[in-house]
Amino acid sequence: MNEEQRNMNEQAKPFKPLQPTKDYSAYFQAPSLKDAKKRGKEEVAYEQFSINAQFKGMGNGRKFMIQTFGCQMNVHDTEVMAGIFESLGYEATEDVNEANVILLNTCAIRENAENRVFGELGHLKPLKTKNPDLLLGVCGCMSQEEAVVNKILKTYDQVDIIFGTHNIHKLPEILNEAYMSKEMVIDVWSKEGDVIENMPKVRNGGTKAWVNIMYGCDKFCTYCIVPYTRGKERSRLPQDIIQEVRELAAHGYQEITLLGQNVNAYGKDLEGFEYGLGHLMDELRTIDVPRIRFTTSHPRDFDDYLIDVLAKKGNLVEHIHLPVQSGSTSMLKIMARKYTRERYLELVAKIKKAIPDVALTTDIIVGFPNETEEQFEETLSLYREVGFEMAFTYIYSPREGTPAAKMADNVPMDVKKERLQRLNAVVGEYSEKALKPYVGQVVEVLVDGESKRNKDVLAGYTRRNKLVNFRAPKEVIGKRVLVRVTDAKMYSLNGEFVEVVEKVEV
């Protein structure tokens with residue numbers, strides 16, 4: 001081969017982006033209960049978000065797109081990132097072919113969620129060939145798992161940016177570095193005790209809003225990766241939350257959901273005064289917003305004072321999501337849930353006594369390591385005893401880095417699927433049982449929009465979180481209306497529009 005042929009051969013080779021030369025192992029902390037106990041001693045810093053003047057206008061003439069996977073916390077994180085993008089001058093788009101920046105905001109709770117993200121990265125790869133200037137990023141909980149980042153480094157060289165849940169406020173700096181660098185930009189760790197206030201948000205619609213009241217989790221259930229990806233529990237200051245809710249109320253929002261990995265632990269880390277979720281809810285109860293919810297609760301932290309406040313009702317809705325995960329005390333111990341079946345039932349009894357018309361929903365995992373048929377039957381019996389009105393049900397799948405991942409996943413998949421099927425049959429039975437009494441009643445519905453199945457039908461939810469489908473003018477979308485229930489299905493209600501409850505002022 002002569003020199004000219006060698007040069008032509010080199011030019012014909014496909015371009016491969018430079019791989020990062022830095023050692024990123026220091027960014028990761030392998031799950032350790034021992035180390036986790038130390039992190040609570042770190043002082044929480046409260047800082048105000050601001051964009052450096054040098055980044056102003058960075059996005060002028062550019063468009064961004066964020067694909068969101070996972071929980072409401074991820075949805076809210078996407079709202080914050082969208083706010084930062086727009087503050088930089090970027091314009092939102094839903095067309096991948098128009099986007100100059102595409103971020104995948106990821107979830108690490110279940111393996112299926114991770115597989116969807118990797119699949120999407122594969123689908124997006126051809127866009128990099130068409131548009132070399134496109135920035136492709138992975139953020140969210142998956143980004144803070146060392147195994148995930150290593151897989152991206154090895155297999156998905158089309159990715160330009162990886163950053164974690166603690167680093168959203170650094171998005172302007174991360175984008176700037178990505179534009180300037182030839183290497184993949186990775187920023188997945190920071191002092192996890194920080195609380196950053198005043199970050200811009202782009203909320204979807206003007207009807208429902210999510211408000212973070214705290215971040216992180218210190219419960220360390222053996223199956224859960226969240227305490228390691230979201231960091232330690234740290235509460236926002238009450239005055240900042242109350243101010244945000246007041247502003248949302250002034251803009252006409254009809255429903256606000258308070259968010260946290262464990263909202264019941266709110267305030268426990270605040271030093272100098274005693275203030276918990278019950279105190280916060282009691283103050284928010286006086287604000288002129290029709291509905292206030294919260295998610296997700298941990299039974300271990302659900303105290304009597306909170307129950308007393310919720311019983312006052314008003315804008316505090318009669319729906320509580322209270323994940324139990326299993327009805328077997330021995331299973332709960334292996335899961336490190338730190339309560340027993342009996343303790344959970346005592347809590348339910350207190351709630352029902354204080355709020356007789358409460359709607360209770362839950363989360364349940366089937367097929368956890370070593371789960372016996374007898375233990376699964378305990379879950380079914382607890383479900384019936386509580387009379388849950390709905391549940392999110394899951395087959396256990398190990399998450400790398402959690403204590404449960406080291407246990408033998410010894411329940412066969414066919415047994416897991418069979419148990420899930422039996423559990424879902426009970427869930428359907430009790431959902432239908434809870435919905436039948438609504439027939440003939442007039443209920444208040446907050447209208448979300450058109451039904452996913454029929455654009456001529458509108459859909460919305462009651463205070464007790466029941467889905468209602470009905471026909472009405474499109475003008476009532478975003479408003480609270482009265483609907484007379486005509487039919488109850490297994491998981492939803494059908495009804496007839498009666499009238500608007502209140503005009504929404506935006």
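Reply: Happy to. Cys141 sits in the loop between strand 5 (135-140) and helix 5 (146-155); helices (H or I, at least four residues) and strands (E, at least two) are DSSP runs, numbered from the N terminus. This is a predicted model, in which local features need pLDDT of at least 70 and side-chain atom pairs count only at pLDDT 80 or more, while totals for chains, interfaces and linings use all residues. Residues are numbered from 1 along each chain as its sequence is written, and side-chain values use heavy atoms, with hydrogens and water left out.

Me: Why is Cys141 called buried?

Reply: Buried means under 20% relative accessible area, exposed over 50%, and partly exposed in between (1.4 Å probe, protein chains only). Cys141 has 7% relative accessibility, so Cys141 counts as buried. Contact means heavy atoms within 4.5 Å, and, not counting residues up to four places away in sequence, Cys141 touches Thr106, Cys107, Ala108, Thr165, Thr229 and Arg230.

Me: What makes Cys71 partly exposed?

Reply: Its relative accessibility is 33%, so Cys71 counts as partly exposed. Cys71 lies in the loop between strand 2 (63-68) and helix 3 (72-87).

Me: Which feature does UniProt place at Cys71, Cys107 and Cys141?

Reply: The unreviewed UniProt entry gives "binding site" at these three cysteines. They are spread over 71 residues of sequence yet cluster in space, with a largest C-alpha distance of 10.6 Å. UniProt positions are in the numbering used here, feature names are shortened, and annotations may be inferred rather than shown by experiment.

Me: What makes a space in this model a cavity, and how many are there of 30 Å³ or more?

Reply: On a 1 Å grid over the protein atoms alone, a cavity is a set of points where a 1.4 Å probe fits but cannot get out; lining residues have an atom within 4 Å of a point. Grid points are joined across faces, edges and corners, and a volume is the space filled by probe spheres set on the points. By this rule there is one cavity of 30 Å³ or more, and the largest cavity has a volume of about 40 Å³. Among its lining residues are Met281, Arg293, Phe294 and His319. Strand 13 (291-295) and strand 14 (319-321) each supply at least two lining residues, with the largest share, three residues, coming from strand 13.

Me: What makes a set of residues a nonpolar core?

Reply: The set holds buried Ala, Val, Leu, Ile, Met, Phe, Trp, Tyr and Cys residues joined through side-chain atoms within 4.5 Å. The largest such core has 58 residues, and Leu258, Leu280, Met281 and Phe302 have the most contacts inside it. A second, separate core of 31 residues includes Phe118, Val149, Leu153 and Val188.

Me: Which peptide bond is cis, and which residues have a positive phi without being glycine?

Reply: Most residues other than glycine have a negative phi, and most peptide bonds are trans. Here a cis peptide bond joins Thr295 and Thr296, with omega about 5°; Thr296 is in the loop between strand 13 and helix 10 (304-310). Gln325 has a positive phi of about 75°, and Ala336 has a positive phi near 60°.

Me: Are Gln325 and Ala336 buried or exposed?

Reply: Gln325 has a relative accessible area of 7%, so Gln325 is buried. Ala336 has 15% relative accessibility, so Ala336 counts as buried too.

Terms used. On a 1 Å grid over the protein atoms alone, a cavity is a set of points where a 1.4 Å probe fits but cannot get out, and a pocket is an open set with protein on both sides within 12 Å along at least five of seven lines; lining residues have an atom within 4 Å of a point.
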